[in-house]
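This report describes the strands, the nonpolar core and the confidence of the model shown below.

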Amino acid sequence: MKLAIVLSIAGCVVALAGPAHAGQTIASSTIYGAFNQDTAECIVRNVGKSNVTVDVNIFDESGNPLSGGGNCAAPILPGDYCFKRAPISSGVAYACSATPSGSARDLRANFVLIDDLGSDETPLRSVVLR
Amino acid sequence: MRKYAASLAAISVLGTAGISHAGQRIISTSLRTGVDTAGACYIRNVGKTPVPVQVEMYQNAGFPIIISFQNCNDAPLPAGRTCVVIANDLPDDVTFQCSATATGSAKNLRGNVELRAIPGGLRVILADELR
């Protein structure tokens, strides 16, 4: 009987282990903006109370990561954010993923496609990473 | 004591059921087309293994939409890849939506349906995520 109880409790622990979010990736869907899209930006905010190191990547439809700039190589301070930005093509859809070294619970992220050809940047589309 | 153990076992089973995700479907809300619009539905596999998936785009009352291109339904979607279903000319003044049915879990699928205005460069004018 004791064994049954222990096994049942172990089952509960295993079942509840999912929501711990350890090393979880948050990811956007793949989005397209318009022919005049030329820049993609992924913005990741740390809403927690400790620093978070996060690997942020922008991908094309084939899953190839884009090279670009940004400041996500350094840990994100509490309340602060980092961004990754890359030039994109007009006829392709793109996505973003963010993988923290630990939990993703305190990350909020958004992926934006931008028309940056004129003097002003015009956001065309955005989607949340989850 | 026996009742207590049975309750714990039941909780375990219920807890585990939440992560089974067998044959899951994700689906968008309905988007209204207007005139001169095109549609696209993107499905991304953010997991580490291929996912067989069937993606459909349809209008009011389940009527199918004529698909111009698709690369989702003939082979499993590899890890990290995105597939798309495109309709170059949506029917006027209907609602349309997109659904993706995974053979197993849909947990690692991210989906997006878009309505695009044909005049002026196929700009996305409405969009929704599949959930």
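In chain B, strand β3 (residues 37-45) and strand β8 (residues 109-117) run antiparallel and are joined by nine bridges. Within this pairing, B:Ala38 has B:Arg116 in β8(B) as its bridge partner. Helices (H or I, at least four residues) and strands (E, at least two) are DSSP runs, numbered from the N terminus, and two strands pair if DSSP finds at least two bridges between them. Strands of a sheet pair through backbone hydrogen bonds, either parallel or antiparallel.

The model is predicted: local features need pLDDT of at least 70 and side-chain atom pairs count only at pLDDT 80 or more, while totals for chains, interfaces and linings use all residues. Residues are numbered from 1 along each chain as its sequence is written, and chains are lettered from A and ligands numbered from 1 in the order in which they are written.

**Strands**

Chain B contains one helix and nine strands, in the order α-β-β-β-β-β-β-β-β-β from the N terminus.

A:Glu41 lies opposite A:Val112 in β7(A), and A:Phe111 lies opposite A:Val127 in β8(A). A hairpin is formed by β7(A) and β8(A), with six residues between them.

| Strand pair | Bridges |
|---|---|
| β3(B) and β8(B) | Nine bridges |

**Core and burial**

A residue is buried if 20 or more other C-beta atoms lie within 10 Å of its own, exposed if 12 or fewer, and partly exposed in between, with C-beta atoms placed from the backbone. By this criterion, 35% of the 131 residues of chain B are buried. A nonpolar core is a set of buried Ala, Val, Leu, Ile, Met, Phe, Trp, Tyr and Cys residues joined through C-beta atoms within 7 Å. The largest such core has 61 residues, and those with the most contacts inside it include A:Val44, A:Tyr94, B:Ile43 and B:Val53. Its largest share, six residues, comes from β7(A).

Two residues are in contact if their C-beta atoms, placed from the backbone, lie within 7 Å. Leaving aside neighbours within four places in sequence, the contacts of B:Val53 include B:Ile43, B:Cys72, B:Leu77 and B:Leu109. B:Cys72 is found in the loop between β5 and β6 (82-87) of chain B. This cysteine, B:Cys72, is buried because 21 other C-beta atoms lie within 10 Å. Beyond four places in sequence, B:Cys72 is in contact with B:Ile43, B:Val53, B:Val55, B:Leu77, B:Cys83 and B:Val85. Among contacts in chain B between residues at least 6 apart in sequence, 72% join residues at least 24 apart.

**Confidence**

The model scores ipTM 0.80 and pTM 0.83. The predictor's confidence in each residue, from 0 to 100, is the pLDDT. Its mean is 87 in chain B, where 83% of residues reach 70 or more. Residues 8-20 of chain B have pLDDT below 50, and this stretch has 16 contacts in the model beyond near neighbours in sequence. Chain A averages 87, with 82% of residues scoring at least 70, and its residues 5-21 stay under 50. Where pLDDT is low, the predicted coordinates should not be read in detail.
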